[in-house]
Amino acid sequence: AGTYYALRNAAATTSQLAEATHMTRLLGDIDRDAVVLEERASIYSLTGNEAAVGPINELGEDLSAAIGEALAVAKQADQRYGLEQMLMHLGRYLQGFKTMAAERQLRRRIVDEAIVAKAAQIEAPLRQLTRNPVGDARQAQAAREALTLTAVAENRALRFLYDPDSRLADEGLAALEKAQRLIREATEATATSLPAVERGLDEFKEGFLRAIQATRGYLYLVNVVMAGEAAEFSYQSDQLKEQSSRELRRVTQVALNRTRQFSNFAVALSAIAIALAAAAAVSLVRTIVGPISGITDTFRRLLNQESVETIPDLARGEESGEMACADELLKEKSVETGLLLAQTEELAAALEAKAAQLQKSNEDLDSFAYVASHDLKSPLRAIDNVSHWIVEDAADVLPEQSREHLQLLRARV
């Protein structure tokens, strides 16, 4: 009965240990995939690489399936609640990502149609005014300054798209307002009208304001809505991982305690068996020595080819076979317990290896972002320096149009 009770407890503990280990592994995989999803979405928000949208959505679907798998095997109510919360926040995060992708396309379209196109549309009449003003020379000077200010505004608008700094937006709007004021003052002073230029500047300013508004809405979506959902998901994940780790440690400790109990029980059983064997040996010496002597004498007589009519104690039974089976059963159960402990240690080592692998992935992403940022800044700085050198070294020989082109180039860089 004692052996049966110990084996039943060992089986129950083994089942609990397997469930806790499986849940810990699932939560570790979910947390790893969630970190990768957030990193990829963050990179997309900065680069706008459309090729990354499909893989990000697929990763989100895989993560949802993994949480569903964990829900299917979760037995505790708090575990199920935490997983359901994670699934809800993941759904909101993925919906936010889809909205973010659409908003980024909208911002790109606003910049292309309302800023870049309008800047090109304004540039032609302004250049014409610098050469053939309809009024006096003041109008040509205003056109040249407005042309430079328009280029500055376009540059600040494009930079604001990728680096949403309020100073860039303020500088761009200030440049446009100054260009509008210059054109308005020139037309009033010369009693002329420049409807195409004035309308183009108004439309340019309106598009710039729309781009600023769209960018701020985009930043709110990324930095508030999606970041909030990611933080809630991470909080629930951390809570579940901590709970799962505690449960795994508890079940492991129970398994160790029951292993010790089983070992102590086996020692006690062995001691009892030794005592019983000693008592039985005394009894056997008294009851079997005679029959063994008789059997030995019978074998000796048979070897000497003497005639033997009967074999003594031929009908006696033995219990040694049952004792051997009991000993073999105890040995097998001890081996099973050792295997369970080894599996627990292997699972713990695997979790540590996955954590180290995730840390290396984070370091690789940080290194890539630094290199990409450095590689983008160097060519722009070189272009600015070369244009500056050309203006300084060849200012006397360059035509007016070339100097204007270089000034526009430096303003846009």
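The model is a predicted one. Its largest nonpolar core comprises 38 residues, and those with the most contacts inside this core are Leu126, Ile183, Val197, Leu201 and Phe204. Two or more residues each are supplied to this core by α3, α4 (137-162), α5 (166-190), α6 (195-303) and α8 (400-412). The greatest contribution is that of α4, with eleven residues.

Leu126 illustrates how these contacts are arranged. Leaving aside residues up to four places away in sequence, Leu126 touches Ala143, Ala146, Leu147, Thr150, Ile183 and Val197. A second, separate core has 33 residues, among them Met23, Leu37, Tyr93 and Val222.

Tyr220, Val224 and Val225 make a nonpolar surface patch of about 260 Å². Of these residues, Tyr220 is placed in helix α6.

Ala102 belongs to helix α3. With a relative accessible area of 48%, Ala102 is partly exposed. Although Ala102 and Tyr218 are 116 residues apart along the chain, their C-alpha atoms are separated by 9.7 Å.

Arg159 is found in helix α4, and its relative accessibility of 39% makes it partly exposed. Arg159 and Ala169 are ten residues apart along the chain, and their C-alpha atoms are separated by 9.0 Å.

**Arg104**

Arg104 is located in helix α3, which spans residues 77-131. Arg104 is buried and yet has no salt bridge. Which side chain of opposite charge is nearest to Arg104? That side chain is Glu50, which is 5.6 Å away. A salt bridge requires the nitrogen and oxygen atoms to be within 4 Å. When residues up to four places away in sequence are not counted, Arg104 touches Tyr44, Ser45, Leu46, Thr47, Gly48, Tyr162 and Tyr218.

**Salt bridges**

How many salt bridges does the structure hold? The structure holds 16 salt bridges. The table presents some of them.

| Pair | Closest N and O atoms |
|---|---|
| Glu19 and Lys75 | 2.7 Å |
| Asp29 and Arg25 | 3.4 Å |
| Lys241 and Asp238 | 3.7 Å |

Glu19 forms a salt bridge with Lys75. This pair links distant parts of the chain, 56 residues apart: Glu19 is in helix α1 (residues 2-47), whereas Lys75 is in the loop between α2 (53-73) and α3. Glu19 is partly exposed, at 37% relative accessibility, while Lys75 is exposed, with a relative accessible area of 63%.

Asp29 and Arg25 are four residues apart in helix α1, so they are separated by about one helical turn. Is Asp29 buried or exposed? Asp29 is buried, because its relative accessible area is 14% and buried means under 20%. Arg25, by contrast, is partly exposed, with a relative accessible area of 32%. Arg25 and Asp29 also belong to a network of salt bridges that links them with Arg32 and Asp33.

Lys241 and Asp238 both lie in helix α6, where they are three residues apart, about one turn of the helix. Lys241 is partly exposed, with a relative accessible area of 25%. Asp238 also counts as partly exposed, at 38% relative accessibility.

Terms used: Residues numbered from 1 in each chain as written. Predicted model: local features only at pLDDT ≥ 70, side-chain atom pairs only at ≥ 80, totals over all residues. Heavy atoms only, no water. Buried < 20%, exposed > 50% of the residue type's maximum accessible area, 1.4 Å probe, protein only. Lys, Arg positive; Asp, Glu negative; His and termini not counted. Contact = heavy atoms within 4.5 Å. Core = buried A, V, L, I, M, F, W, Y, C linked by side-chain atoms within 4.5 Å. Patch = residues over 30% accessible without salt bridge, like charges linked within 9 Å, V, L, I, M, F, W, Y side chains within 5 Å. Areas by Shrake-Rupley, 256 points an atom, 1.4 Å probe, with all protein chains shown as cover.
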